[in-house]
Amino acid sequence: MSFGFQLVHARPSRTTSLVLSWILFCLGVSLYFYTSQRRHHDNPEDRVMPTLTQMIHGMTNASTTPAEDDDSTAPDNASLRQKFFTSMLWKDTVATSRRFIYSILLLIPAVLLGLHMGLFPYVGAFWLRFILFFDKIVALSLLPILFIVFGIDELSKIMLIVIGVTPTIILDTFNLTKGVPDEQIVKAFTLGASDFDVAYRVVMRQIMPRVLNGIRLNLKAVMLFLFAGEMIASTDGLAYRIALLRRHMGMDVIIPYVLWVALLLFLVDLGMRFLNRKLHPWFQAG
Amino acid sequence: MALIEIQNLSVAYGKPARPVLDRINLSIDDGDFVCLLGQTGCGKSTLLKMILGAEIPNKGRILIDGREHHQPDRTRGYVPQKYALFPDKTVLGNITFGPEVTEFNLFTRFTPRAFSRRREIRDEAMRYIDRIGLHSRDAHKYPHQLSGGMQQRVAIAQALATHPRILLMDEAFSALDPGTRKDMQRLIRQLWRDTGVTVIFVTHNTQEALYLGSRVIVLAKDSPDAGAQVVTDLSIPQPCHEHQIPTLVHHLEHASGSARAPEIAFATA
């Protein structure tokens, strides 16, 4: 049956695709400001849907003045740059980024473990069953236990991310390693390679672009666990601020913060994609 | 003494055991060009994997230079049909990989001596690239940028770069178009004559086997549940005359097709 136009074989022009892809953004933004306008018309004190002016004001404050609970204040005659580096937004971003970087660094041993499990049968036999079990534990359900065991400082938050994300990365790397054709490994041995040459110079280099893509897909999970930890027990960080501002309905800062986090994550993802292309020019997806 | 000695080799896979090879006895001399011929699924690739050491036989043993090998190593080079090249390395990187890992381990490759030696290895690799008929500007291409025939050329150069005594080729030309295939057959004959390497070449193409081999071994099964055995072992007169090929093809195809092998008593050089 035909509708008179093609669906699968449709060929929208460049302009049409561009226009189509922005429609939902425009619709969402205009709907928001329309509703916001209406609410402020009815009640000038409305805090649920701040106007653009209010959000700009809130963010200007957040990026030039320290948080209320922060003692270190910039001198009154400080430059804008100095003000920014003592501001609430900057300090929160630094705190969250630090935790994020630690968690990404902790994924390196996970990748190495997955590689060895996939390549060396003894290592695989030792770890695989345990990791499969570990993978099924709902990491957030461990949160109270982590707070009891590790206290409520940095360690427990990082442990939450490790427990939540590393099993996925280990198993992903394991499967990728298993997926390397036998011919490649046999070939490397016939060329005089040792077991470790095969592991690091043949197999690891081949799976690396796919591993990086796997990590990119898991960035959201990393952020999810990081935010859960920060919201429940922390004294700084972007998610801590969002949770704190919720108490006095600081939507004028919460909404820009959410967008800021999305932007940061987008940039990290973009950076990793760029890095992947630069490091592995031979790799074509698919 | 023979270079490769296969003694009473039997292989079975799975449960219940399904025999693949049944009591194979062969001895292969240094400098032979042996073609293993047989129909699809007759176990010729399995036999190659056993010689390679990638798989372990259920019964019997394989001696290379009088010694058993339990995993693949530098004595036997390998050119498979697919996945022959490392996709993450350039043509040059693929060819130098063997000599580099042979001489340097993960740590010593960063010593000053390694750097100067690496330059020599690279120069030698460039000579190989020239010899297999590639342009020197192809040296920095990645395998996916090359045609199938070019990839197999590089794979052969890569295998020969470590100077193995034995070269094992598993349907190495089967995925190539006829013209390229002919060129590759000429190339491997030439390299075999020049280097004196012992070649074991698995193929299902009778003409290819006759054109290439100095010796053709046909594997076939008595019945579908039986393991394959050597049904014909033929030495090809050197050089093999074109007009002899049709008769030989007829004989060999009869041999690998039917269960019982006819006695072939001619054609020793």
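This is a predicted model: local features need pLDDT of at least 70, side-chain atom pairs count only at pLDDT 80 or more; totals for chains, interfaces and linings use all residues.
## M49(A) and the two chains around it

With 17 C-beta neighbours inside 10 Å, M49(A) comes out as partly exposed: a residue needs 20 or more to be called buried, and 12 or fewer to be called exposed. M49(A) sits in the loop that links α1 (14–42) to α2 (52–64) of chain A. Setting aside its neighbours within four places in sequence, M49(A) is in contact with Y32(A), T35(A), S36(A), R39(A) and M251(A). Another methionine, M249(A), is 200 residues away from M49(A) in sequence, yet the two C-alpha atoms are 9.9 Å apart in space.

Stepping back to chain A as a whole, its secondary structure is made of 12 helices and 0 strands. How spread out is chain A for its 286 residues? Its radius of gyration is 25 Å, while the globule rule gives 19 Å for that number of residues, so chain A is more spread out than a compact globule. Along the principal axes, the C-alpha trace of chain A spans about 75 × 65 × 40 Å. Buried residues account for 28% of the 286 residues of the chain. As for the contacts in chain A between residues at least 6 apart in sequence, 66% of them join residues that are at least 24 apart.

Chain A is split into domain 1 (12–49) and domain 2 (88–279). Taken over C-alpha atoms, the centres of these two domains of chain A lie 35 Å from each other. M49(A), the residue in the loop between α1 and α2 of chain A, is also where the range given for domain 1 of chain A ends.

Next comes a pair of helices in chain A. Helix α5 (residues 107–119) and helix α8 (residues 154–178) of chain A pack with their axes 7 Å apart, at an angle of about 40 degrees. Their crossing, α5(A) over α8(A), is right-handed. On the α5(A) side, the residues making the contact include L107(A), A110(A), V111(A) and L113(A), as well as G114(A) and G118(A). The α8(A) side brings in, among them, I169(A), I170(A), L171(A), F174(A) and K178(A).

Where the domains of chain B meet, 13 residues of domain 1 are in contact with 10 residues of domain 2. Helix α5 (residues 178–195) of chain B gives the most to the domain 1 side, with 7 residues. The domain 1 side divides into 9 nonpolar, 2 polar and 2 charged residues.

Is helix α1 (residues 44–52) of chain B largely enclosed or left open? Of its 9 residues, 8 are buried, so this helix is largely enclosed by the rest of the structure. The buried ones include L47(B), L48(B), M50(B), I51(B) and L52(B), and K44(B) and K49(B) are in the list too.

A few spots in the backbone of chain B are worth a look. The peptide bond running from K15(B) to P16(B) is cis, with omega near 0 degrees, and P16(B) belongs to the loop between β1 (4–13) and β2 (18–28) of chain B. Y83(B) is not a glycine, yet its phi is positive, about 55 degrees. This tyrosine lies in the loop between β5 (76–79) and α2 (91–103) of chain B, and Y83(B) is partly exposed, with 17 other C-beta atoms within 10 Å. E171(B), also not a glycine, has a positive phi of about 50 degrees. E171(B) is placed in the loop between β6 (166–170) and α5 of chain B, and its 20 C-beta neighbours inside 10 Å make E171(B) count as buried.

Conventions:
Residues are numbered from 1 along each chain as its sequence is written. Chains are lettered from A and ligands numbered from 1 in the order in which they are written. Helices (H or I, at least four residues) and strands (E, at least two) are DSSP runs, numbered from the N terminus. The radius of gyration is taken over C-alpha atoms; the globule rule is 2.2 Å times the number of residues to the power 0.38. Two residues are in contact if their C-beta atoms, placed from the backbone, lie within 7 Å. Domain bounds come from an automatic or database domain assignment. Ala, Val, Leu, Ile, Met, Phe, Trp, Tyr, Cys and Pro count as nonpolar, Asp, Glu, Lys and Arg as charged, and the others, Gly among them, as polar. Axes are lines fitted to C-alpha atoms, for helices over the stretch in contact, and angles run from 0 to 180 degrees between N-to-C directions. A crossing is left-handed if the near helix is turned anticlockwise from the far one by less than a right angle, and right-handed if clockwise.
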